[in-house]
Every structure is written in C-alpha cells, then in structure tokens.
Amino acid sequence: MRLAALLAALRPVLPLVLGLSLGCSLSLLRASWSQGGAEEQCLGAAGRAGPLGGGARPEAADGRTGPGHEDFRPRIVPYYRDPNKPYKKVLRTRYIQTELGFHERLFVAVLTSKATLNTLAVAVNKTVAHHFPRLLYFTGLRSAKVPHGMVLVAHGDERPIWLMYETMHYIHQHFGSDYDWFYIMQDDTYAQAEQVKALVTHLSINQDVYLGRAEEFIGGDEQARYCHGGFGYLISRSLLLKLHPHLDSCRNEILSVRPDEWLGRCIIDFLGITCVSQLQGQHYHTYELAKNTEPEKEEEEEFQAALAVHPVSDVTLMYRLHKHFSRIQLDRAYQEIQDLQMQIRNLTSLTPAGEAGLTWPVGINAPFLPKSRFEVISWDYFTEQHLFSCPDGSPKCELSGASKADVSEIIESALEQLNSRYQPLLRFSKRQLLNGYRRFDPTRGMEYTLDLLLEAVTQKGHSHVLAKRVSLVRPLSKVEIIPMPYVTEATRVQLVLPLTVQDLDFVANFLDMFAMNTLDTHDNALLTLLFIYHPYDAQRVSQVDVFAGVKAMVGELEKRYAEVKIPWISVKTEVPSQVKLMDIVSKKHPVDTLFFLASVWTEINMEFLNRCRMNTISNWQVFFPVHFQEFNPALVYRGEQAASSSTDFLRDGHFDRHSFAEACFYNSDYMTARTKLAADILDRDEVLESMEVFDVFLHYSGLHLFRAVEPGLVQKYALRSCNPRLSEELYHRCVLSNLEGLASRSHLAMALFEQEQANST
C-alpha cells in the first residue's frame, strides 16, 4: 500500500524526471562528439594547431593567408612616433568616405568631335547625361562656343588614335583613384543609362574587366577580341591602373586606324586580357541599327533588351530612341508595381491583422494617426480658381503657379483612372470641380479628395450627369541628395548689430558673450555696431549722447584686446527699415564679405558661427536661422528657481518662426538682389519700410533660401518693442512673436488657474 501511494504521488513528476535524464544524456553525448571532431580538425598538415571556430579565416598549410582574401582581413596598424622628429598635428579628412578610401561607382566618357559637338553630343547630354553621376565629353578640337551644361575636355588634335590615348591618360590622371568603373562611348551611341548603372552593381570590382561588344581583329588571332567603340565598353579601375604604364608604348608600337582596335590591341598585348560580352552572369546586350529604322516599330527581343544602340545618325533619331526606351522602362516599372501589389494582397491574409491591415494604395504607408488633437493634419480646400488656405494667411487667394498645375494634373489623372476602369462601358468627361481637398501627410505624401461633376456617356451614346467623389495620393518618391558647392569653416564672419535706444539694457550682455565666445577663442569674426538715432536724440547728441555708455564699453573691449577694432556707424531715422540699414553697411564692406545680421538678444557662440559659414554659399544659398526663444521665467517658474540650462537645454521655450532678424549672406548676393529691387521700385523708397532682408532675397534673387531651426542660437526672454510706424505685416509679426514667447499653453493655463484661485479667495 505504501509503494502504491508513493507511485501515485510521484506519477505527476515522472515525465519531468525522465525528460531531464534524457536531456542530460544527450548533452553529454553531443559534447563528446564535438570534442572528438575538434581534435581531428585542429591539427594542421605540419602538426600545428589550427583555427577552432567555424567563422575563423582559412589559412594555407604554411600559415599564410589564403589567396584572394587579403583585401578583406582587418588589420591593426600600430602607432609609432619617431622621437627625433617634431610633433605635427594630424589633419583628418572632412568626409569619412575619403578616409575609408571609398570610390564612386561609375564615370562616363563620351568621345565627340568638333563637327558633332553641337548636334549629337548635345542630344546625348539632354537624354542620358543626367542619369549618370559623372559625365565628361572629350574632343580633339573645340568649337568657339561650348554648349551650356556640358563639361568638355579638348586635346588639341583630331587624330582618332591620339584622341583615345589622351582620353585614357586624362581619365587615369584625374579620376583613376575616384571611380571603380569607366564607361567609354561615342556621341553616335544611345546607351540606356539605368541599365548600365544596374550592370556595374552586379559586377565584382576585384577583377580586370574589359566588357563590351566583342569583335574579331581583321587578319588577327581568332581568340583575341576587342570591344567595338560604337556600342560602348566598360573598363574596371584595376584594368585602367595596369594599362596606364603601357599607354606610351602602345602609342609608339601599335598601328591602327580605328581607336577601339588600337585600345583592344594594347590591352591584349600588354595585359593579356581580351574583350568579353558576358561576365559573372551579366550580358552586355547591343543592337545595330539599320538605315531608316523606325524605333517605334522595332519589336525584336534583342532590340528591347539592348544596353547600347549604334549607329545613331541624327539628333531626331536619338530623341526617338530615348522616348521609346523610356516608355519600355516605364511599362516595366508599372508592371513590377502591379506584381508587388498582388503579392502584398496575397500575403496580407497571413498577417495578424488580416485583410483589415491592407492599406490603400497597396504598398504605400498607412495614413498618419494623430495621438492628440494637436497632431491632426488639416485639409486645405480649393477650387479650380481659388485656394482657401494661402501662404500669407489670407482666407482666399487665386490659384496660380505650381498649385494650379498640381490641381490640373490631379483632375486629369482622376479622369484617366476612371476611364481606364469603366471603359468601354462608360466614358467620363469633366463638367466641373465641385470641391477639392488636399493635405500633406509626411508618412506617405500628398493626399487629395475631389468631388467631380461628370458626364458619363454609354456605348450607345446616352449621357448622364452625376457627381462622384474620388481619392488620390501622390506618394513620396525617391529621396535625392542635392549637390552643393564645397565651403569651408575658415571664412571670416562680419557681425552687424543694429541698436536702438530700447536695446541699451541688453548691449552689455551681448558684448560679454561676443568677447567670451569669439575674441577669447580667436575666432575669425568681426563686429560692426549700427547706432540708430531718433531725430530728436540726434539733435542733442553733442549735449547728451544716448549711446555714450555703449561706446565706452566698446573702448574697454578694444583696450583689453589690442588687436581688435570694433567700428560703429551712426544713422538718423524714425523708421529703422532693415533694408535701408543694410544698404548703408553693404557699401562700407567688400563684396566677398560674409554678413551675419544679428539682434541684441543673440548670444554668439562658435558652434553657430561655423554653421553660418557652412550654410551660406556665395551665389548659391543664404541662411535665415530660426532662433530658440526662452519663455518668460516669471510665468514658467512662478517664483521657483530656474532649471540649469545644461540639463534642460531647449526645454522652456520655443523656436520663433515669426522672427527674421537673424540672417547669414554674402555681400555680393545682397548687392545683386538689391539692384533688381531698385529697378523694380524705381524711386519709391517708402516701399523699403515694408520689407526685410528676407523679402529681398525671396523675391529678387534666384538663390536657395535655407530657413531652419538653429539650436545654437538661443535668446533670453525679453519683451520686444514693436515700432508702429513699420508696415502692418512687420508690426503684426512682432506682436505675435511677443505673445507666443510668453509661455507655453500649459504654463499660461496654470498661471490663469492660480490667478482665479487668488481672486476667489
């Protein structure tokens, strides 16, 4: 009985005990097998211990690294400093890509001539040049006028062999260390740029590649091939580096009429590499055009898959080929989109959300879901003539420019989609746009909702008018990096500080911060003060100078820093127009001066000055930073001690988007825009009182206006004095800046709540 009771008690845990015993036994057996296999594998051919881990790098029997892997093994380069040599500061490269030795992928060279430079070469530039990252044109003799937008290299000799020799030498000298692949083509060749770029992404850069349309030499070796120049050919960087030392010998020893044959013979004779049309599973497809060919009627598979087409006899044929192949690529893209959408629909049923998780359009991100009412994205209402959400804040404005083109394109797209869905049963035509709504969703793109009054016509000719609502999305496309000119951080910054009588209480703090952050650090920055006198104060300046205290502080700074001079300019005016003041300063400085137009509440620091230098590019871009404005401490802290700025940086404040007082720009750019403004307003100087420097660049220059928040530009709270004699818009912006700079909504609500409690008691 006792045994039966014991078994009954142990029965629930019996599977656990058996499982543990079986697991321990299998673990011991597996450990013994692993040790036995490792002992056999760890002995090398000479009896030395080899690598243990499966991820270790295989080595040869003599302990050296196996072939083909030396470029991928990480090495630690020990630092050694010669004590006999003086220490020299190491200059790091500006970009990590340069320091790591990365190369750009593809360089394209187009061989042209003086006769075809303004015809076929221009056609190549208009069709495929913008698809390649870098493209240069090489010719023997150049014409008097080079077409716009083309980088041309002239060698001074029209002989074909000499042109090829000089081109290869030039490519090696200027681009041999920057690119992995070099594509050489003629101006009578049409190349599918996207296909060529896709080809080089599938080829290994570790091999010597000579890829193109392989042709036999006339009367030469049957095994040797050269790449036909008319269809273009691809050369790897490693091949170019090996070929360069032999170019002079090839020029002197190899005789040929055709430059492509000469280059092919040079590569074969000195490197032993022949041209191939297929490499690493990639095919270089070409197509030879016959005379009087109609590209639109060519249906051969070889033509459709061609990377390069030759010969292109005239400019019109080049454009027709480009249109035809662009249509083929577009159809392929649409078909690929449809296939991906079908796959997404099929896989959606297997997801946890099921078909309910399928977004519209298929494959596009779902709409943004706001977490509070402050994150709701509002819709803008429009008709075919007017927009009811205007940039200047007015309730209604005329629909024009890009907005009008956008609305017209969306309506045409909606009709096209409706007709493609319902034809041939129904055919729709637009009568009127009843209502239009649009909003920008940062997660997916621009969304539209249209109420259209349509006329539907049946196959029998019966018509009917109906209203239909359609929804459309213009999704965000591929993000592109805009190329920008190179700038440095060594440019001198000229600070310009306008001062009025109302600003006297804040000048001391500005000068202290300027001395600490620029003069003490020897930053390349200068300061010019602009004293703005009221006419009444200007008459009494000999008895009482309202800026005497400021001038005394400037004198103390010049005594403390002997090499520093801080000039000032006195101006008498009742309306301190920013444009008029800048006109005075601009005439007293060179045209290459980089101005930083500051305000008295600005705290200057080196971090911002460097960004001012980097974000301002002469004849290209001006920079208008949005400073961070701290809130009124009396409302935010209400008697409590303010938090440390180092721990709560940029917390109790906001970025003041209503202020355009700070600006970084070059004097030459300002003078150019100011000249256009003067021609527009003639002698109506009163117009300048309603404008700021931002308006001058916005309306009278073709430069990029870079407007961005600047966390390095922090201003303490101060109640600005708004001059009522300025324009209504400038005065309104100043008032809004003061109101929004008081405190946040929560702080204002708490202050009102405490005030009501105090009044009730």
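The axes of helix α16 (residues 578–587) and helix α19 (residues 667–681) come within 11 Å of each other and cross at roughly 125°, where axes are lines fitted to C-alpha atoms over the stretch in contact and angles run from 0 to 180 degrees between N-to-C directions; helices are DSSP runs of H or I with at least four residues, strands are runs of E with at least two, and both are numbered from the N terminus. The two helices are therefore oblique to each other, the term left for angles that are not under 35 degrees (roughly parallel), over 145 (roughly antiparallel) or 65 to 115 (roughly perpendicular). On the α16 side the contact (heavy atoms within 4.5 Å) is made by V579, M582, D583 and S586, and on the α19 side by N667, Y670, M671 and R674.

This is a predicted model, in which local features need pLDDT of at least 70 and side-chain atom pairs count only at pLDDT 80 or more, while totals for chains, interfaces and linings use all residues. Residues are numbered from 1 along each chain as its sequence is written, and side-chain values use heavy atoms, with hydrogens and water left out.

The lining of the largest pocket comprises 32 residues, with Q341, P361, S413, Q417 and V473 nearest its centre; a pocket is an open set of points on a 1 Å grid over the protein atoms alone, where a 1.4 Å probe fits, with protein on both sides within 12 Å along at least five of seven lines, and lining residues have an atom within 4 Å of a point. Helix α12 gives the largest share of this lining, nine residues, and α11 (315–348), α12 (401–422) and β19 (463–475) each supply at least two.

Helix α16 returns in the second largest pocket, to whose lining β20 (493–499), β21 (525–533), α16 and α21 (728–740) each supply at least two residues. Of its 47 lining residues, T500, P576, S721, N723 and L726 lie nearest the centre, and α21 provides the largest share, five residues.
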